Structure formats: C-alpha cells, structure tokens
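I want to go through the charge pairs, then a pocket, then a helix.

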Amino acid sequence: MSAGPAPKAAAPAAASLEIAVVSPAGARTARENGADRVELCTGLELGGLIPSTAAVAAAVESGPPVHVLVRCRPGDFVYDAEEVALMAAEVRTALRAGARGVVVGALTPDGALDTDALAALAGAARDTDPAAQVTLHRAVDQASDPVAALAALPGLGITRVLTSGGAPTAIEGSAVLAAMAAANPGLDVAAGGGVRPGDIAGLLAAGARSVHLSAKSRATPRRAAGWVPLGAGGTSADDDTHFVTDGTVVAAARRALDAAVATE
C-alpha cells in the first residue's frame, strides 16, 4: 500500500503524561489520576501486544484519548508480509473503534527501520482517519542506530516516537534521547522504558516532550482453589496473576510532570 502524502510534522505540544494500560479499568484509573492519554495493549509482561477490539471500544468509553499498540506477536520486530498485512488490518480496526492513534514499529534484519512496513501501517492509519497520530514504538531501541533511524519518520507521516534512547531504561538512555530530540525538533519524543516519577524532570530536561510509563502493580490473585502452571510464565501461584494500573503511581507522575514543567 502507498503511504500517500505525508503530513507535515507539527511543533511538539506541551509536555504530556501517557500511561500504558491493559484494560478499560486501567484507562479509567489513568484518567482519574491525571493522565493525558493512554496506550492500550495486552500482555505487558511480553512487552505489549494488540488488545481486542472490544477492549479498545470500552477503553475509549471510559478513559482519556486512547492510542493502541499494534504488535501482532512477542519477539523481534522483523515481520513478514502476512504479519504486516495483519497489523495494517488491526490499525484500521482500532481507529474505527474510536482510538485517536496507533503505535507501530518494524525493523529489517540488519537493524534499520523497515520503511516499507511502516509506510503500509501509516497509510492504513491515514486511510482510516487522517487525524490519527502514528507513533513509532520502542522497536527503534533495537535499531542499529536509533538516532539516525528517526530521519525516515517525516516522510512516513510518523510524528511521534516512544523510546528509551536505546537503553534498558529511559533515564539510562537520556543522552541518546537528547540527541534524538536535538536532531528532530519537529518530532514529539516520548520517553518510555522503566520510567519512575522521579525520572521525569531529567527526561524533560533531556528533550522529551512526553513521558510514558505503565504505573503497574501485580493484581492479588482471586483464586481460592488449587493451582497448577498453565504455560511458560506460570512459575508460582503468587506470580501467576496479571497487572493493573496503580492510581497512586499515576498521580505521582502527574505531580512530577507538572512540577518539572513549572520550573522550565
């Protein structure tokens, strides 16, 4: 699919807080505690995967603006044609369900951005909703040169990047994140990856215009009966649970962001 004419990148908006959530309840908690938007996914323990269409629609009803992670499987970000076609279909479905944006990424085997795959995904977004924001996700952190990779984004119509600066956590990658922001002044650089409220001031100082965190905690298991492992992740009864959004962490991140902005 042709990506079509790429929109011009807008100047970055005021600093904003995005929370990664896995449910409509998480979206509601994020909204109630100060999030500007949410990234909806499932399988946070796998790095995030595509949520269901029903979850997207319900999150749109209950939360702030919803951006949907479109990642069809765990593992590397090198996709074949069938996987790209599946994700393009998921982009359209998510936007038709009310999402304001989608979060996508793809790499070539040698660690460059897969511009053909990204053009197909961005094109699917623009064909469905010309106003939708397309974000490049943390696939960029596994690129061979994360800073250089961003040069391709304006031509693809991708106006935002979620990155840890190629490091395990965004605060560790803040120098690379700063280089990304300096080289791409029209791009909304969102710092994400192990972000804690105490990191936010430093990430904004490095040039991030958005911060992204999961603000998650493990849910207390509700089972009263016995337990047996059901898959590779089930190593113990205590660990065999799911994540929920912690409103106290969201609220702390909101306070930290507002305080950092006030001192700029």
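How many salt bridges does the count come to? I get nine salt bridges. I'm keeping in mind that this is a predicted model.

**Entry 1: charge pairs**

I started with E18 and R37. They form a salt bridge, and their closest N and O atoms are 2.9 Å apart. What does this pair tie together? E18 lies in strand β1 (residues 16-21) and R37 in strand β2 (residues 37-40), so the bridge links parts that are 19 residues apart in sequence. Buried or exposed, I asked of E18 and R37? Both are buried.

Next I looked at R31 and E32, another salt bridge, with 3.5 Å between the closest N and O atoms. For accessibility, I noted R31 as partly exposed, with a relative accessible area of 37%. E32 counts as exposed, at 53% relative accessibility.

Then I checked R73 with D76, where the closest N and O atoms of the salt bridge are 3.1 Å apart. D76 is partly exposed, and its relative accessible area is 42%. I also looked for shared partners.

**Entry 2: the largest pocket**

How much space lies in the largest pocket? It holds about 700 Å³. I listed 28 residues lining the largest pocket, and those closest to its centre are L44, G47, R138, G193 and H212. Sorting the lining by class gave me 12 nonpolar, 10 polar and six charged residues.

**Entry 3: helix α1**

Which residues of helix α1 (residues 24-32) are buried? I have G26, A27 and A30. Looking down the axis of α1, I see its buried residues fall within an arc of 100°, so they line one face of the helix.

What do the buried residues of α1 pack against? I wrote down β1, β2, α2 (53-62), β10 (243-245) and α9 (247-262).

Last, I looked at what comes after the helix. α1 is followed by G34, and the phi of G34 is positive, near 110°.

Technical notes: Residues numbered from 1 in each chain as written. Predicted model: local features only at pLDDT ≥ 70, side-chain atom pairs only at ≥ 80, totals over all residues. Heavy atoms only, no water. Salt bridge = Lys/Arg side-chain N within 4 Å of Asp/Glu carboxyl O. Helix = DSSP H or I, 4+ residues; strand = E, 2+ residues; numbered from the N terminus. Buried < 20%, exposed > 50% of the residue type's maximum accessible area, 1.4 Å probe, protein only. 1 Å grid on protein atoms, 1.4 Å probe; cavity = no way out; pocket = protein on both sides within 12 Å on 5 of 7 lines; lining within 4 Å. Points joined across faces, edges and corners; volume = space filled by probe spheres on them. Nonpolar A, V, L, I, M, F, W, Y, C, P; charged D, E, K, R; others polar. Arc of directions from axis to C-beta. Contact = heavy atoms within 4.5 Å.
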